[in-house]
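Thanks for coming, everyone. Please take a look at the model on the screen, and then we'll walk through it.

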Amino acid sequence: MATLPRSSGKSTLLNRPNTQDFDSGVNSSTAWTESNNPSVSLLRPRKYLSESDLRQNGSLSDDELDDGPEDETHSRSARALYGFQGKAEFRELDVEAGDEISVLKEDVGEGWSLVKNANGEIGLLPQTYYTFTSEFSPAPDLEIDNSPNGKQYPKRKEATNDSVTPRGSPRNSQAPSSPPLIPQNTGEWTAAFPSFRHSLLGGKSLNRFSAFVTSGAEEFVLKGSPTDSTALDAATSNPPEQPLSGHTKEDSSDSFDEDEQRKQSRLEADRHFVSSGPSWKEKVPPFRILVHSPSKRSSMFSGAYTVYSVTSFFHAPQSEGDEDDLVDPEDPIASVTVQRRFSHFVILHTALTRRLPGIALPPLPEKQYAGRFSDDFVEARRGDLERYINKVIRHPVARYAEMLTFFLSCESDSEWKRQVPEHLSMPPAGPSFYARVYHPAYNLDKDDAANAIDLFDNHTKAVGTGVQNLRGIFSKIREARIDMSRAERLLSYSFLSLITGKPLASSSSSSSTEPADVHATTSIAKGLVNEAGAWCWRENCEDCLKLTKAIQKTSETLQNVADLYDDHARRTQLSTHESMKTMAHPAAIYEGIISTHRSTLSRFNEAVYGTYPDDDVANRCETVLNITMAEMDTYHNQKFEDFQKLVTEHLDGEIQVYEQILTRLYLARRNFDSPEFDELGSSPGKSSIYERELANPKLTPSPLTQPCPHVYDSTPMRPVSVAVQEGVNMLLSSAGRGSVFSKFWH
């Protein structure tokens, strides 16, 4: 299987030597090199030339004199790339796309050329509107592979310890008398055309909004980065001591040391390493964060807002042979607590997005404008922020980002206000992020990289669809727990109504027995309950008293079971339901990684197997592919941890609630066996605390709290009539302005 090449030095494939006897081969074709770097402006401003100027100076430009009219024998064949409507007063030539022309003088000033069309007319044409159609014959000692594979995949240059020279381009010392290349005209003008992307956009992608472009990966692949990695290494390493000459001022201020230390720390934080796999190399051990204790505060300038306590817990690293029972791995060795509001999380997310464009960051929860101080929303927002920040620190690269360290450790409000503008004013990393990623040579296989992206794309889409279905089913599961709670409560009321003779208001069978129930409430002499409160028409019936009290205890136990179901659905299962958002929409989150990977693969194939190979571009593509493959590996690890934690927490919650239910049911069942059953007849019966609820049973639970929507969740469409009716109701309601906004931001 082919392995991505990574030569030790820069490629000289597209560099033309200064010596005249150098055989440049097919790679120095002017049809490519001159049309691959078009001017930013296709039509530069030109000056008006009079006939007198032409006769007087013999020049088409009034800026400089020409050497005289070019001899037509020295003209070069070309083809028009685009149609051009010239103006006669400017001596411009009309051409159509594809017309054959002869370039008499390539540069007559200000981006214009003197050309002649097939009819013999001579005039001016912009240099970027045509391309030369000359091709070159191969050098005599050029190695050509005529095999089918050789034609499809040309041979790559072999890396050596010396400078790399393309095959078919011998050194001057070896072939000083190489014959010159002979230009040959071809009738196929389309073969001489570079692609539209190369001719017009300089090799750039047409989609300027793709992640491949916006992240800086395209600029890095095509041009590299203005931040040289060697310069970065020199800046981070200790420079050699330089002797002091003359009178120098020694700076020993603390502020200088702090600034220098901060600079060195920033340079180190911007360096990232990819190990074999490819996978990110962890520079900082994992830790965990707890967002807790929300409190409402107010400011004269910003109004009311909520502040959250953010505590970072750091644990001692555990070695494989460490068997010290005195050290609890769950017990942190250090912790730091800071106060942060939602706007501070926005600042963190903005800075991380700008400085780490090549990684997939989790989306930040959306801002809320109404109802943001309600207890339910504050708790939901606290959970969302905790899941967000823990997702960020689980990424091996984002974990040691300078802004994240500052966010988690700055305890001073004044220091926060002083340094935040500095972090926000830092320019986006862009291509410099990719330039500061270091990886081993030959760290991935091209075929594996091509296959992995399709599999990864399909997998993330399937996982996203499955998680959405799981979230919908889990919502029904929680509703079923509420229905189960209501059923257990209804059964409890039915047992009480049975042994007391009091009617149940919402019982479906009460309508048929309503006359008897009314008489039973007015008098207990009808034989429903005796004087001791036993469910019997006989007085002093000890067996019926024991049975009545055992059934009463069973009814109370069922009320407890109903409370357990209700609390389980509203608290434990709500937390599990909320945690599913961590795994939702992976295809949308990693869309930028997927598009960048595919675009880089396309550029790599062009740089390796295309008409104009370029080792430098291929090597930079390899760096980007190492990053995207490392991101896929990060998702794999996080997906394993997330779903393992999700299922185990769900099972633990189910086991816990059912163990509590079983414990209570066992106790209720024990009341029907000796000696507990015998002890029930030792005292008269007492009314249950739930008897008062028979007239107004609590069978209508409050609405079940649903998780806050994910950022990428689609909002269901409502019928127009419903939306209009709700708008009219809001305008006509007397609840005030707040209710209107609460509708909009629900």
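Let's start with one side chain: is F672 buried, partly exposed or exposed? F672 is partly exposed, because its relative accessible area is 33%. Buried means under 20%, exposed over 50%, and partly exposed in between, with a 1.4 Å probe and protein chains only.

Some ground rules. This is a predicted model, where local features need pLDDT of at least 70, side-chain atom pairs count only at pLDDT 80 or more, and totals for chains, interfaces and linings use all residues. Residues are numbered from 1 along each chain as its sequence is written, and side-chain values use heavy atoms, leaving out hydrogens and water.

Now the overall view. The chain has 22 helices and 13 strands. These are DSSP runs, numbered from the N terminus: H or I of at least four residues for helices, E of at least two for strands. Of its 746 residues, 40% count as buried.

Back to F672. This residue sits in the loop between α19 and α20 (676–679).

Next, K546. You'll find K546 in helix α16 (residues 542–579). K546 is buried, since its relative accessible area is 10%. Who touches it? Beyond neighbours within four places in sequence, K546 is in contact with F677, D678, L680 and G681. Contact means heavy atoms within 4.5 Å.
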